Amino acid sequence: MLPELGHFALILALLLAALQAFFGIAGPMLGRDRWIAAVTPAVAGQAVMVATAVGCLIASFVGDDFSVRYVAENSNTALPLFYRVAALWGAHEGSLVLWILLLAVWTVAVTLGAGRLPPRFAARVLGVLGVVSFGFLLFTLATSNPFMRLDPPAPDGRDLNPILQDPGLAVHPPILYTGYVGFAVAFAFACAAMLEGRLDQQWARWTRPWTTAAWAFLTCGIALGSFWAYYELGWGGFWFWDPVENASFMPWLAGTALVHSLAVTDKRGLFKSWTLLLAIVAFSLSMLGTFLVRSGVLVSVHSFAADPARGIFILAFLIVMVGGALSLYAWRAPLLKSSAGFELGARESFLLFNNVLLVIAAGTVFAGTLAPLISDALKLGTVSVGPPYFNPTFMVSMLPLLALLSVGIHAGWKRGRLKDQQRTLLYTFIAAAVLGCGLTFGIYSHGRVLTPVGATLGLWIILSSLVDPIDRWRRGLSLPRAVLGMTVAHLGLALAVIALTTVQSFTVERDVALSPGTSVNVGGYEFRFLGVRSVEGPNYSGIGGTLVVTHHGAPVAVLRPEKRQYWVKGQVTSETAIKMHHGNNLLLALGEDLGAGRWSVRVQIRPLVSLIWLAAFIMAMGGALAASDRRYRTATAIVSAPPAVAPERAG
Amino acid sequence: MSRFLLPLGVFALLAVVLAIGIQHSPEKGVIPSPLIGKPAPQFALPSLTDPASTVRSADLRGHWYLFNVWGTWCGECRAEHEMLLQVRRAGVLPLIGLDWKDDDAQARGWLTQLGDPYQAVAVDRSGRVAIDWGVYGAPETFLVNPQGVVVYKHIGALTYETWTREILPRVSSAAATRS
């Protein structure tokens, strides 16, 4: 009964989304106030229906209803309760439902905040969000219904994919999706503004907090995914340039560009058409990611079981949404004019460079991700593009970006007046270079060419970012949350650069064969292998090794990496053992049984690797601080301008 | 004007590439098995029902067969058992079982209790042969043609749908082209 109720609720949600889209877009166009008034109830109704459907699906999981195919495929009576709930997004169908739920939550949030917007504009925003929601609901109901019954019911479920049975992964998809879906809000604001022909600074001001919040969630989501891959997959890497990872990274790069470009449009009324385009591109890349992951076009390590029919549907949806938005853009954007100018050394120029470099970075990732597909389409044979392509090409755009950030942060709007800052620039750079090279050669006494470069750039960003806040503090000026947030996010970026440089330069990796009682020395640590024992879990059994770690004779830790076999799927997973010691991340993974008690063990020592994730969270915190600035909330609606494209003057 | 049409043009080009990409990936939907189109891995294992005799892949040449990986520890295998019995009753092609990492006595008990759909069952206690076949979880079913080439792989319980849509057409179309 519950599954049918959930299915029915999804169908009602689809109808309400259609109404929301129709009233939201047609109402303002035809000037029918009654239609506009109907949008909010449609949003509320849709949210209730989607929540009901999700509730029904969770109830089916918790109640072990194996007559539901999706539950039978992704749960099991032995699965702990926590994972039975998280199993909701363990596979394709359920994660789509999660997507829809989060879109409903964002839409409700926009509705609650819409009081400050002109009613027509708000209706249009909600209308565009209705179109997005309609598309995803139709996709779910037509190709991926999670409530499909199984007849006869399965006696027990096939269990959740064991590599997903991990707290990190249980929270990673919701946060990542919140970021993805959040860009739909920026997209909706852009489309609404183009539909209305009202592309003034006010539009950018309204969009900014939403975009920044979505960006912060996406940052967190990517970091969690990387963290999970590091300790669960047992390969010891934190980033693999895998299509699925790239699918989340491309919208992040475009979103980062959008956050900066919105700042220029908000403050100075410039880059308007560019900002619009970025808002479209950021969300398009989110949807493209969904397409790539689920259509089976690209094969990836953490691919969903894909289906070409789903691929065709998403492609059609992509063409309607993105094609529609870009057509609207081609029609409206030429009417935009900005009369304000700026000097080469002004902050606007630096933000322009920032945008260009970030878009180039997104472009190189995009090209690398799609290269196998393009070469296949042109019948050039199968190619594989990996870190040897991504690492250097990505660096080409990132290094200048980091250097320009340290300079640009001192530049003022309109007129750069960088001459006044010459001293600050020079001093911070010298201090960073001395510190960077000193630390590199002082602590490690060796390294690659890029090691001191990375350290210097990271430290330079830290010093430059602190100049303005310290100056404000000394002069007794207040520090608005937006500025504070920006500073925190930039500090996070700097920490990430330093951490990445260190990890890439000084990681030690060894695969060794150990028999009980023997030991191995890696990177100043001694690892003594005591042997293996069997371990039992609620739904798996496995083998655990015990290794005693010492550093110059002093005990550090006893580590127990495991290999688990999950009963139901028979799948083997590797549980790494990790220990932090003086900033070094020691990672042990149990390999193969080599016979006669000997086991292969992978030993990795990665200095500062945890700082990468910490830095990402600091960046996200910066985003959250900036998004919560009161300036955005008190920005009251200006009396609605006539809905025609008026060439406005920006000053 | 034209410069604002550029994004639309780029996107149109991308859509074409993606459309071609979908066309080219008909079988990527299922987890791709590198074995498809390649000779089935060789094996010679003791028989479950008659421990004195051996089940050899070489003896299976010359006719179609379904190679089904199962075990008594696998709940989903119990779910697919009824379908396997139907396959046996249909009599289109023989089922060869691979009893994977299992207890022999329990496996024999399973077949007496639930019915034996297999022409022969090979015992793979160490799981070595399953590794050769690229098995990642039970049940999995492979369709092998008379030349000993794997033409299709199904992951999870065999369903009536798979049987009628994927397996039968492959067997019968091959029979039709030969006659």
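Predicted model: local features only at pLDDT ≥ 70, side-chain atom pairs only at ≥ 80, totals over all residues.
Student: What follows H1(A)?

Tutor: A:Gly31 follows H1(A), and the phi of A:Gly31 is positive, near 70°.

Student: Now helix packing. At what angle do H7 and H8 of chain A pack?

Tutor: Helix H7 (residues 119-143) and helix H8 (residues 167-196) of chain A pack at about 125°, and their axes are 8 Å apart. H7(A) is therefore oblique to H8(A).

Student: Is that crossing left-handed or right-handed?

Tutor: The crossing of H7(A) past H8(A) is right-handed.

Student: Which residues of H7(A) and H8(A) meet?

Tutor: From H7(A), the residues are A:Arg120, A:Phe121, A:Arg124, A:Val125, A:Val128, A:Leu129 and A:Val132. They meet A:Ala184, A:Ala188, A:Phe189, A:Cys191, A:Ala192, A:Leu195 and A:Glu196 of H8(A).

Student: Moving on to A:Thr219. Where is its place?

Tutor: A:Thr219 is in helix H9 of chain A, residues 201-232.

Student: Why does A:Thr219 count as buried?

Tutor: A:Thr219 counts as buried because it has 28 C-beta neighbours inside 10 Å, and the threshold for a buried residue is 20 or more.

Student: Which residues is A:Thr219 in contact with, leaving aside its neighbours within four places in sequence?

Tutor: Those contacts are A:Trp252, A:Ala616, A:Met619, A:Ala620 and A:Gly623.

Student: What about A:Phe271, where is it found?

Tutor: A:Phe271 is in the loop between helix H10 (243-268) and helix H11 (272-295) of chain A. Although A:Phe271 is not a glycine, it has a positive phi of about 55°.

Student: Is A:Phe271 buried or exposed?

Tutor: A:Phe271 is buried, as 22 other C-beta atoms lie within 10 Å.

Student: And A:Leu608, in which loop does it lie?

Tutor: A:Leu608 lies between strand E10 (598-607) and helix H18 (609-627) of chain A. The phi of A:Leu608 is positive, near 65°, in a residue other than glycine. A:Leu608 is buried, with 20 other C-beta atoms within 10 Å.

Student: E10 brings us to sheets. In what order do the 4 strands of the open sheet in chain A stand?

Tutor: The order is E1-E10-E9-E8, and the pairing is antiparallel. Strand E1 (508-514) and strand E8 (577-581) are the edge strands, each pairing on one side only. From one strand to the next, the twist averages 20°.

Student: How many bridges do E8(A) and E9(A) pair over?

Tutor: E8(A) and strand E9 (residues 584-595) of chain A pair over 5 bridges in the antiparallel sense. Within this pair, A:Leu587 in E9(A) stands opposite A:Ile578.

Student: What holds paired strands together in general?

Tutor: Strands of a sheet pair through backbone hydrogen bonds, either parallel or antiparallel.

Student: How many residues are between E2(A) and E3(A) in their hairpin?

Tutor: The hairpin has 2 residues between its strands, and A:Gly523 in the turn has a positive phi of about 55°. Strand E2 (residues 519-522) and strand E3 (residues 525-536) of chain A are antiparallel and pair over 4 bridges. A:Asn521 has A:Glu526 in E3(A) as its bridge partner.

Student: Which bridges join E3(A) to E4(A), and how many?

Tutor: There are 11 bridges between E3(A) and strand E4 (residues 540-551) of chain A, which run antiparallel. One bridge partner in E4(A) is A:Leu547, paired with A:Phe529. The hairpin joining E3(A) to E4(A) runs through 3 residues.

Student: Lastly, chain B. What is the order of its open sheet of 5 strands?

Tutor: In chain B the order is E5-E4-E3-E6-E7, with mixed pairing. Its edge strands, E5 (120-124) and E7 (150-155), each pair on one side only. The twist averages 20° from one strand to the next.

Student: How do E6(B) and E7(B) pair, in the parallel or the antiparallel sense?

Tutor: Strand E6 (residues 140-144) of chain B pairs with E7(B) in the antiparallel sense over 5 bridges. In E7(B), B:Lys153 stands opposite B:Phe142.

Key:
Residues numbered from 1 in each chain as written. Chains lettered and ligands numbered in written order. Pairing = 2+ DSSP bridges. Axes fitted to C-alpha atoms, helices over the stretch in contact; angles between N-to-C directions. Buried ≥ 20, exposed ≤ 12 C-beta atoms within 10 Å, placed from the backbone. Contact = placed C-beta atoms within 7 Å. Parallel < 35°, antiparallel > 145°, perpendicular 65-115°, else oblique. Left-handed = near helix turned anticlockwise from the far one by under 90°.
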